[in-house]
Amino acid sequence: MMSSAKSSFLFTSIIFVFLLSACGGPPQNNPLLMEAKQSYDKAEQDSLIVMKAPVALKEAEEALEQSQQLWEEGADKNLIEHYAYIANQKTKIARETAELNAAQDEVERAEAERKEVLIQARKAEAIAAEQRAENAMQQLQKERQEAEKARKEASELADRLSEMEARQSERGMVLTLSDVLFDFDSSNLKAGANKVVNELAAFLNNYPERTVQIEGFTDSIGSAEYNKNLSQRRADALKQALIKAGISSQRIETVGYGEEFPVATNMNEAGRQQNRRVEVIISNENGVVTQRTE
């Protein structure tokens with residue numbers, strides 16, 4: 001038989017357990033809910049997620065609050081874990097959305113930079129093209145000025161040569177001096193030759209890029225060797241006169257052809273007088289004299 005005191009203690013214990021059971025108590029921790037809360041707390045501290053996926057993060061928060069509320073109310077475990085699962089998935093979506101948006105922002109930034117680079121490159125090309133056009137225009141103006149200068153110089157040259165009674169030939173401009181510059185069978189210049197020498201020297205001073213070749217010729221009276229020497233001495237005499245007038249010897253060449261290359265018959269005096277001559281061939285602007293071929 002149970003004693004009266006033990007019966008009383010057992011009864012009191014049953015009543016306590018019954019009351020305790022009737023009042024409920026703090027529910028046991030739910031692992032899935034705890035996992036969802038930890039995941040959300042971590043996401044909430046991530047500035048990238050807060051900035052790039054605020055809507056998705058808010059949805060995760062609402063699902064988590066729903067799950068916590070059900071847990072506090074002692075609701076069905078399956079229902080609590082259902083919302084905890086949703087909260088966890090929403091948190092993952094928020095994280096992935098943030099990473100995706102950040103990547104998209106980076107793509108847009110890179111695209112903007114690429115466009116800016118293209119714009120700058122096109123501007124630079126436009127500036128370069130404009131500069132090239134300006135340089136081309138300046139070059140064209142320079143060439144026109146040089147062409148005009150050359151035309152003017154050529155005109156002046158033609159005028160001077162015309163005044164000196166020079167004639168155009170395949171070798172260039174040729175000034176022919178008759179035997180009036182020399183006495184017969186002499187290589188000494190007459191006093192009247194000074195006018196011709198001075199004009200030729202003035203011309204060469206005005207056109208320093210020009211050179212001359214002085215060629216002497218005789219008629220056929222006398223031996224060919226004698227006539228060749230005489231024509232050479234006459235050409236040299238004119239060269240010395242030009243040197244005395246200030247023209248460099250480097251600009252003057254001489255050749256004595258003697259009775260070669262007659263321009264008229266040697267059968268009469270009129271023809272022989274034409275053959276007794278000195279020709280001055282004026283070079284081109286490069287100082288080149290085309291040599292005689294016939």
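Modeller: Helices, of at least four residues, and strands, of at least two, are DSSP runs numbered from the N terminus. The model is a predicted one.

Colleague: How many helices and strands does the protein chain have?

Modeller: From the N terminus, the elements run α-α-α-α-α-β-β-α-β-α-β-α-β. In total, the secondary structure comes to 8 helices and 5 strands.

Colleague: What percentage of the residues in the protein chain is buried?

Modeller: A residue counts as buried when its relative accessible area is under 20%. The protein chain exposes about 19300 Å², with carbon and sulfur atoms supplying 54% of that area. Of the 294 residues, the buried share is 29%.

Colleague: Why do the buried residues of H4 line one face of the helix?

Modeller: The buried residues of H4 are Ala56, Leu57, Ala60, Ala63, Leu64, Ser67 and Leu70. Viewed down the axis of H4, they line one face because they fall within an arc of 150°.

Colleague: Which exposed residues does the face of H4 turned away from its buried side carry?

Modeller: Exposed residues are those with over 50% relative accessible area. On the face of H4 turned away from the buried side, the exposed residues are Val55 and Glu72.

Colleague: Which residue with a positive phi follows H4?

Modeller: The phi of this residue is near 70°. The residue that follows H4 is Gly74.

How values were computed: Residues numbered from 1 in each chain as written. Predicted model: local features only at pLDDT ≥ 70, side-chain atom pairs only at ≥ 80, totals over all residues. Heavy atoms only, no water. Buried < 20%, exposed > 50% of the residue type's maximum accessible area, 1.4 Å probe, protein only. Areas by Shrake-Rupley, 256 points an atom, 1.4 Å probe, with all protein chains shown as cover. Arc of directions from axis to C-beta.
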